[in-house]
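Open the model in your viewer and keep the selection panel handy.

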Amino acid sequence: MTFVVTDNCILCKYTDCVEVCPVDCFHEGPNFLVIDPDECIDCTLCEPECPAGAILADDDLSEDQMVFLELNAELARKWPVITEQKPPLPDAEKWDGVPNKLPHLEK
């Protein structure tokens, strides 16, 4: 099992989760975070820390969220590791809860 960052992180990018990660498996892109599935140790610490509820266990993903499992793995190979909390994106509150944000993902 691994944890996966899903749709609701896009355009919010809260980073509370990176502070609690014991293995530094989070990677940061312009407007989204991802989890490296090869580094994730399934500790469950990050999931409750996400204010947007965007982190799920891979076996809890719905059919339409399965795309994020592969997307996290792909982007973790490209983006740098993030280990310290940063402020969320300026419009995070506005975008939190907005559905279908995948077209807004900046790679």
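**Stop 1: the enclosed spaces**

The structure holds two cavities of 30 Å³ or more. On a 1 Å grid over the protein atoms alone, a cavity is a set of points where a 1.4 Å probe fits but cannot get out, and lining residues have an atom within 4 Å of a point. Points are joined across faces, edges and corners, and a volume is the space filled by probe spheres set on them.

Before you select, a note on the model: it is predicted, with local features needing pLDDT of at least 70 and side-chain atom pairs counting only at pLDDT 80 or more, while totals for chains, interfaces and linings use all residues. Residues are numbered from 1 along each chain as its sequence is written, and side-chain values use heavy atoms, with hydrogens and water left out.

Select Phe3, Cys21, Pro22, Val23, Cys25, Phe26, Cys40, Ile41, Cys43, Thr44, Leu45 and Cys46 to show the lining of the largest cavity. Its volume is about 70 Å³. That lining has 11 nonpolar, one polar and no charged residues (Ala, Val, Leu, Ile, Met, Phe, Trp, Tyr, Cys and Pro count as nonpolar, Asp, Glu, Lys and Arg as charged, and the others, Gly among them, as polar).

Next, pick Val5, Cys9, Tyr14, Cys17, Leu33, Cys50, Ala52, Ala54 and Ile55, which line the second largest cavity. About 40 Å³ of space lies there, and the lining divides into nine nonpolar, no polar and no charged residues.

**Stop 2: the nonpolar core**

Now colour Phe26, Phe32, Ile35 and Ile55, the residues with the most contacts inside the largest nonpolar core, which has 35 residues. Such a core is a set of buried Ala, Val, Leu, Ile, Met, Phe, Trp, Tyr and Cys residues joined through side-chain atoms within 4.5 Å. Buried means under 20% relative accessible area, exposed over 50%, and partly exposed in between (1.4 Å probe, protein chains only).

Elements giving two or more residues to this core include strand E1 (3-5), helix H1 (16-20) and helix H2 (67-76). H2 gives the most, with four residues. Helices (H or I, at least four residues) and strands (E, at least two) are DSSP runs, numbered from the N terminus.

Centre on Phe26 and show its contacts (heavy atoms within 4.5 Å). Leaving aside neighbours within four places in sequence, Phe26 meets Val5, Cys17, Leu33, Ile55 and Pro80, among others.

Then turn to H2, whose buried residues are Phe68, Leu71, Asn72, Ala73, Leu75 and Ala76. Their cover includes E1, strand E2 (26-28) and E3.

**Stop 3: two single residues**

A polar atom of the Thr15 side chain lies 2.6 Å from the backbone nitrogen of Lys86.

Move on to His104, found in the segment after H3. At 38% relative accessibility, His104 is partly exposed. Its C-alpha atom is 7.5 Å from that of Leu11, 93 residues apart along the chain. Not counting residues up to four places away in sequence, His104 touches Ile10, Leu11, Asn31 and Trp95.

Note on methods: 1 Å grid on protein atoms, 1.4 Å probe; cavity = no way out; pocket = protein on both sides within 12 Å on 5 of 7 lines; lining within 4 Å. Polar contact = N/O pair within 3.5 Å; in protein donor to acceptor, adjacent residues only side chain to side chain.
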